[in-house]
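Open the model in your viewer and keep the sequence panel beside it. The tour goes from one selection to the next, and says what is there at each stop.

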Amino acid sequence: MAGTITFDRVGVRFGDHDALRDVTITLTQARIGIIGLNGSGKSTFARMLNALVLPGAGEVRVHGINPSAEAARVRQIAGFVFANPDAQIIMPTVAEDVAFSLRGRGVPKAEIAARVAAELEVFGLSALADAPAHELSGGQKQLLALCAVLITRPDLVIADEPTALLDARNRRLIIDHLFSERVPQLVLVTHDLDLAARCDVVLRFEDGRLLEHGDPAEIITRYSEAYA
Ligand SMILES: Nc1ncnc2c1ncn2[C@@H]1O[C@H](COP(=O)(O)OP(=O)(O)OP(=O)(O)O)[C@@H](O)[C@H]1O
């Protein structure tokens with residue numbers, strides 16, 4: 001089930017630049033799309049959900065957790081998928097990288113190997129279990145990155161343009177996983193408006209402000225018309 005995400009008058013400043021200004025919203029939907037022009041604040045908003053960026057003003061709550069106070073705890077329930085999977089592949093081999101995600105989560109050692117094997121199977125990566133992770137193709141790396149997130153059984157997945165570097169087949173695979181029931185709640189930053197249209201709600205950012213949010217079709221139509 002989707003949890004509650006709240007932003008209360010949130011601002012983020014980098015140097016003398018406001019990346020986000022006075023963002024207030026409560027979200028309870030399962031599929032949340034984020035759209036807006038380059039530099040409008042989408043990634044900053046998404047990164048705040050698992051304490052990669054902390055508010056300079058206001059307060060964020062993710063399923064009752066304040067990321068500013070409990071970064072480690074929010075990362076236990078919220079997994080992040082980046083556009084570039086190289087940013088999150090940590091261990092030398094595919095199986096080790098997926099197993100690494102389970103560290104510090106109280107999973108009995110005896111259970112880890114079986115869970116990793118099962119998860120690799122789901123993602124079609126079993127044959128690559130012992131392969132060096134950095135030698136995978138871009139698409140395989142993104143599947144690995146998502147596999148390493150989903151094995152933790154997250155309550156929330158935040159994906160920042162997760163299909164930007166992928167071909168059509170891998171794009172489809174990643175999207176199918178993200179929109180599957182294994183992801184109870186998804187925050188998806190995307191320039192792909194067809195993908196945003198599949199969400200339950202869409203937030204549109206402009207120049208660091210949450211310009212509007214609501215019904216995906218309406219928000220997307222206005223956004224498309226503004227830049228046609
Ligand atoms: N770590 C940082 N240091 C300095 N400025 C930053 C940092 N992160 C973001 N910014 C700035 O904050 C603003 C918002 O950036 P953000 O990455 O949130 O935009 P975005 O909507 O995700 O853009 P894009 O579609 O290009 O990914 C931009 O002006 C950006 O240059």
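Start by selecting aspartate 160, which lies in strand β6. Helices (H or I, at least four residues) and strands (E, at least two) are DSSP runs, numbered from the N terminus. Residue numbers count from 1 along each chain as its sequence is written. The model is predicted: local features need pLDDT of at least 70 and side-chain atom pairs count only at pLDDT 80 or more, while totals for chains, interfaces and linings use all residues.

**Stop 1: around aspartate 160**

Is aspartate 160 buried or exposed? It is buried, because 22 other C-beta atoms lie within 10 Å. The terms work as follows: a residue is buried if 20 or more other C-beta atoms lie within 10 Å of its own, exposed if 12 or fewer, and partly exposed in between, with C-beta atoms placed from the backbone.

Now show the contacts of aspartate 160. Leaving aside neighbours within four places in sequence, they are Ser43, Ala46, Phe82, Ala83 and Val189. Two residues are in contact if their C-beta atoms, placed from the backbone, lie within 7 Å. Next, draw a distance from aspartate 160 to serine 180: the two are 20 residues apart in sequence and 17 Å apart in space, C-alpha to C-alpha.

Move on to glutamate 161, in the loop between β6 (156–160) and α6 (168–178). Glutamate 161 counts as buried because it has 20 C-beta neighbours inside 10 Å. Its phi is near 50°, a positive value in a residue other than glycine.

**Stop 2: the six-stranded sheet**

Select the strands in the order β5-β6-β7-β3-β8-β9; they form an open sheet of six strands with mixed pairing. Two strands pair if DSSP finds at least two bridges between them. Strands of a sheet pair through backbone hydrogen bonds, either parallel or antiparallel. At the edges are β5 (78–81) and β9 (209–214), each pairing on one side only. On average, neighbouring strands of this sheet are turned by 15° against each other, direction ignored. For such angles, axes are lines fitted to C-alpha atoms, for helices over the stretch in contact, and angles run from 0 to 180 degrees between N-to-C directions.

Zoom in on β3 (residues 31–36). Strand β3 runs parallel to β7 (residues 186–189), and four bridges join them; isoleucine 32 stands opposite valine 187 in β7. Strand β3 is also parallel to β8, with five bridges, and isoleucine 35 has arginine 204 as its bridge partner in β8.

How do β8 and β9 pair, parallel or antiparallel? They pair in the antiparallel sense, over five bridges. Leucine 203 stands opposite histidine 213 in β9. The hairpin of β8 and β9 has two residues between the strands, and aspartate 207 in this hairpin takes a positive phi near 50°.

**Stop 3: the nonpolar core**

Select Ile34, Cys147 and Leu188. Of the 63 residues in the largest nonpolar core, these three touch the most other members. A nonpolar core is a set of buried Ala, Val, Leu, Ile, Met, Phe, Trp, Tyr and Cys residues joined through C-beta atoms within 7 Å. Helix α5 (residues 138–150) gives the most to this core, with eight residues. Beyond four places in sequence, the contacts of isoleucine 34 include Phe45, Val187, Leu203 and Phe205.

**Stop 4: the ligand**

Show the ligand and the residues surrounding it: Phe14, His17, Ala19, Gly36, Asn38, Gly39, Ser40, Gly41, Lys42, Ser43 and Thr44. A residue is near a molecule if its C-beta atom, placed from the backbone, lies within 6 Å of it. Both β2 (17–27) and α1 (42–48) supply at least two residues of this shell, and α1 gives the most, with three residues.

**Stop 5: the three-stranded sheet**

Finish with β2-β1-β4, an open sheet of three strands with antiparallel pairing. Its edge strands are β2 and β4 (57–62), and the twist averages 25° from one strand to the next. Seven bridges join β1 to β2; phenylalanine 7 has isoleucine 25 as its bridge partner in β2.

Arginine 9 counts as exposed because it has 12 C-beta neighbours inside 10 Å. Although arginine 9 is not a glycine, it has a positive phi of about 50°.
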